[in-house]
Amino acid sequence: MLLCTTLVETRPATAAAGRTYTNAVKSRKGADPWLEYDNRNYCLVATSWSSEITLRKSPTPAGLSTRSPSVRHSPGRRARPQPSYTLVNRTSGKSLDLENGSPANGANVRRRNCNGAAAQKWRIEDQGDDTSRLLNVASGKALDVADRSAADGADIRQWSWLNNACRQWQLKAN
């Protein structure tokens with residue numbers, strides 16, 4: 001939801017402070033779509049007359065037409081609370097922990113004694129393609145393999161969600 005709020009509040013440089021920017025492009029259904037380029041993705045954001053917000057993301061403009069909305073928000077509906085999980089290593093009994101609860105891209109993720117902090121809680125969001133993204137509750141950022149490495153021992157960190165393979169995880173039952 002933080003991403004959606006950030007995009008909605010973004011205004012072009014020509015908009016005066018305190019004034020609401022409205023895109024001149026209108027659809028027949030009353031929506032107000034606009035296009036943003038954010039973190040190597042094109043984002044199509046639309047608001048409807050009922051104040052529902054939808055967001056579609058794609059690395060190419062052409063891909064926007066085939067993407068399902070990834071974020072939907074309606075101010076009249078209460079958002080269902082997202083469950084979070086503490087990921088505990090079976091051998092060590094230690095939790096996956098975002099170092100110092102840092103909000104920075106590239107912040108280290110490590111094993112640490114379980115303490116119940118938000119830095120050790122993760123939301124698992126199904127991406128609908130046999131993968132999930134793991135978002136840290138403290139930062140809202142995704143679990144990431146550094147430099148898109150496929151090597152054993154690669155550094156694990158957090159990064160803003162970009163929908164690339166180094167931030168997509170498969171959860172397999174043992």
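**Figure 1. Cysteine 166 and cysteine 114 in the predicted model.** Cys166 is buried, its relative accessible area being 10%, and the model in which it is shown is a predicted one. Cys114, by contrast, counts as partly exposed because its relative accessibility is 42%, a value that falls between the limits of 20% for buried and 50% for exposed. When the whole structure is searched for disulfides, zero are found.

**Figure 2. The largest nonpolar core.** Seven residues make up the largest nonpolar core, namely Leu98, Ala107, Val109, Ala119, Trp122, Leu134 and Leu143. In soluble globular proteins, nonpolar side chains tend to be buried together.

**Figure 3. Surroundings of Leu134.** Leu134, which belongs to the largest nonpolar core, is in contact with Leu87, Trp122, Arg123, Ile124, Lys141, Ala142, Leu143 and Trp169, once its neighbours within four places in sequence are left aside.

**Figure 4. Arginine over a tryptophan ring.** Arg133 lies over the face of Trp161, at a distance of 4.9 Å from the ring centre. As for pairs between aromatic rings, the count comes to zero.

**Figure 5. Setting of the close-up views within the fold.** The protein holds one helix and ten strands, and along the sequence these follow the pattern α-β-β-β-β-β-β-β-β-β-β. Of its 174 residues, 30% count as buried, while the accessible surface comes to about 11600 Å², with 49% of that area belonging to carbon and sulfur atoms. Among contacts between residues at least 6 apart in sequence, 34% join residues at least 24 apart.

Terms used
Residues numbered from 1 in each chain as written. Predicted model: local features only at pLDDT ≥ 70, side-chain atom pairs only at ≥ 80, totals over all residues. Heavy atoms only, no water. Phe/Tyr/Trp six-rings, centres within 6.5 Å; stacked < 30°, edge-to-face > 60°. Lys NZ or Arg CZ within 6 Å of the ring centre and 35° of its normal. Disulfide = S-S within 2.5 Å. Buried < 20%, exposed > 50% of the residue type's maximum accessible area, 1.4 Å probe, protein only. Core = buried A, V, L, I, M, F, W, Y, C linked by side-chain atoms within 4.5 Å. Contact = heavy atoms within 4.5 Å. Helix = DSSP H or I, 4+ residues; strand = E, 2+ residues; numbered from the N terminus. Areas by Shrake-Rupley, 256 points an atom, 1.4 Å probe, with all protein chains shown as cover.
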